[in-house]
Amino acid sequence: MDTESTHSGYSYHSSRSGRSNRHGERSRERHKASSSKDSSRSERSVIINPPDTPSQNSPVHNGEDRDDNWGETTTAVTGTSELSLSQEEVVGLGKGTEDRTQSCRRYVPLVLGLCLGLLVLATPLAFLVLPAMMWPDRLQTCGAACEGLFLSISFKLLILLLAVWALFLRPARAGLPRVCVYRALLATLTLLLTMSYWLFYGVRILEAQDEDYHGIVQFAVSLVDSLLFVHYLAVVLLELRHLQPCYSVGVIRSTDGETRHYNMGQLSIQRAALSILEFYYRDFPLHNPALLSASKHRAAKHLAGLKVYNVDGPGSTAGAQPGNGNQSRAMVTAAAKRKDSTHNELYYEEADHERRVRKRRARLVVAVEEAFTHVRRMKKEDERATPSEIMDVREAALAIFPSMARALQKYLRTTRRQHCHSMESIQKHLAFCLVNNMSPKAFLEAYLAPGPTLQYGPERWMADQWTLVSEAAVTSGMKEGTEFLLRCLDFSLAVSVKSIPYIRMTEEYIDPKSHKFTLLLQSETSV
């Protein structure tokens, strides 16, 4: 007979719990022995996994599921110590260091850019001022043409200042993991251009003490013209190059399979990821983990219905084995039949859910229409009332909200979106609809269908930090077949890139005379 046997879930967990208890007793004995030996030490090295980064031995469960081995994976710190820190303080120290690092990475490029901008704008002015300060007696007089160049350089510097402010001094939309290649290239080109002009100015003008002030002014004007051309190159590379669509990008949410497709131009992977996240907050419905619990509950119910018995266990006699085998085969057959009927259970479950949703929706629509009708009636009465008796819009929203609150709450619970709307946000939206004289349907549109992510507050979507996972360098450009992942706390976005095919169009000429025809009528008619 085969020596392998199948055990029931109860016996398995019982044996496992027994082993865990014995393991806990042995760990406590070892801990007592080690504490007696090391009691003279004042500091200890303790490794604590923060809540946001669980270890491999302690898997993360959603909802009310918890780790069964919590007693084995929990770290206990005992004994006296001169330096005592709680877990929250240790996590806070780590987060503080990380925040300081992110702040440095965010503001260092901004500070360097400001310094480079001040150097660029001050260089033409320094070219004009230094000769007048160092050898003013030997300079030639500036005529009408030279004074006209002063006017030209003033307006060019003003235009350059406004252009730099419009293109570069904008609030940052996000923090990227790497430096933008084109921005670094433009900054390097601007720095090299400025240093080249300074080198030429120092050798040919400062050392020689050139007396031709008109030529010095023309030299400063040429620098400003070069800087304007560099800014034009920046506009082309940063703003115009990616406008022409070249790729079709597919975005799939990992939890519910929500999919969107976008057309994008020549962008790096990190810039494309930033654009995709902006599209995500605008187009994707809010991620709702409560909608995924139904399938998990159905799978758990199906697994709970399967029972496996220990056929070859101790205590079974030879005479009783055939009966037990027949019984186990009958149970397996019944489980297979139950598995075949799972789709029927899913069908009736979804049908019942849709029926309850329609019922709750009808009650909600009726309650809201009655409340708005009452508001319109009260508004007509307020026109004849004194100003002291007129109710404020906020007070009117608070007055009619209880009449629809129960129906709205039941509907949101049925559709599993009750955590997306707070009572304060509903009252605020109701007051907004009353102020702008909106219809009941306009008020209900925000609750009958899930809206985009940005419709809700930041505390609802909790996705302020994303991780870009890519095999290729994030500063490299997109190409055919590029794939990367955008991961946040609860889900991830899988992105795949495909090239837009080359479209070939041909022309077919149709002669206008081919559409003409002649209608022949007989002159003689029968009487």
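Trainee: How many residues apart are Arg-356 and Asp-352 in helix α10?
Mentor: Four, so about one helical turn separates them. Helices here are DSSP runs of H or I with at least four residues, and strands are E runs of at least two; both are numbered from the N terminus.

Trainee: What kind of model is this, and how are residues numbered?
Mentor: This is a predicted model, where local features need pLDDT of at least 70 and side-chain atom pairs count only at pLDDT 80 or more, while totals for chains, interfaces and linings use all residues. Residues are numbered from 1 along each chain as its sequence is written, and side-chain values use heavy atoms, with hydrogens and water left out.

Trainee: Back to that pair. What do Arg-356 and Asp-352 form?
Mentor: A salt bridge, with their closest N and O atoms 3.2 Å apart. The term means a side-chain nitrogen of Lys or Arg within 4 Å of a carboxyl oxygen of Asp or Glu. Arg-355 also belongs to the picture: Asp-352, Arg-355 and Arg-356 are linked in a network of salt bridges.

Trainee: How many salt bridges does the structure hold?
Mentor: Nine. One of them joins the side chains of Asp-225 and Lys-156, at 2.6 Å from N to O. That pair links distant parts of the chain: Asp-225 sits in helix α6 (residues 213-240), Lys-156 in helix α4 (residues 144-167), 69 residues apart.

Trainee: And Arg-170, which residue does its side chain meet?
Mentor: Glu-239, in a salt bridge of 2.9 Å, N to O. Arg-170 lies in the loop between α4 and α5 (181-206) and Glu-239 in helix α6, so this pair also ties together parts 69 residues apart in sequence.

Trainee: Switching topic. How many disulfides are there?
Mentor: One, counting pairs of cysteine sulfur atoms within 2.5 Å. Cys-142 and Cys-146 form it, with their sulfur atoms 2.0 Å apart. The link is left-handed, at -115° about the S-S bond.

Trainee: Is Cys-146 buried or exposed?
Mentor: Cys-146 counts as buried because its relative accessibility is 1%. Buried means under 20% relative accessible area, exposed over 50%, and partly exposed in between, using a 1.4 Å probe and protein chains only.

Trainee: Now the inside. Which residues touch the most other members of the largest nonpolar core?
Mentor: Leu-364, Met-404, Leu-430, Leu-434 and Phe-443, out of 26 residues. Such a core is a set of buried Ala, Val, Leu, Ile, Met, Phe, Trp, Tyr and Cys residues joined through side-chain atoms within 4.5 Å. Helices α10 (342-384), α11 (393-414), α12 (423-435) and α13 (440-448) each supply at least two residues of this core. The largest share, nine residues, comes from α11.

Trainee: What is Leu-430 in contact with?
Mentor: Leaving aside neighbours within four places in sequence, Leu-430 contacts Phe-372, Ala-397, Ile-400, Phe-401, Met-404 and Phe-443. Contact means heavy atoms within 4.5 Å. Apart from this core lies another, of 25 residues, including Leu-116 and Phe-219.

Trainee: Last one. How many residues of α7 are buried?
Mentor: 11 of its 15, so α7 is mostly covered by the under 20% rule. Among them are Ile-269, Leu-274, Tyr-280 and Tyr-281. Helix α7 (residues 269-283) reaches 20 Å from its first C-alpha to its last, close to the expected 21 Å. That expected span is 1.5 Å times one less than the number of residues.
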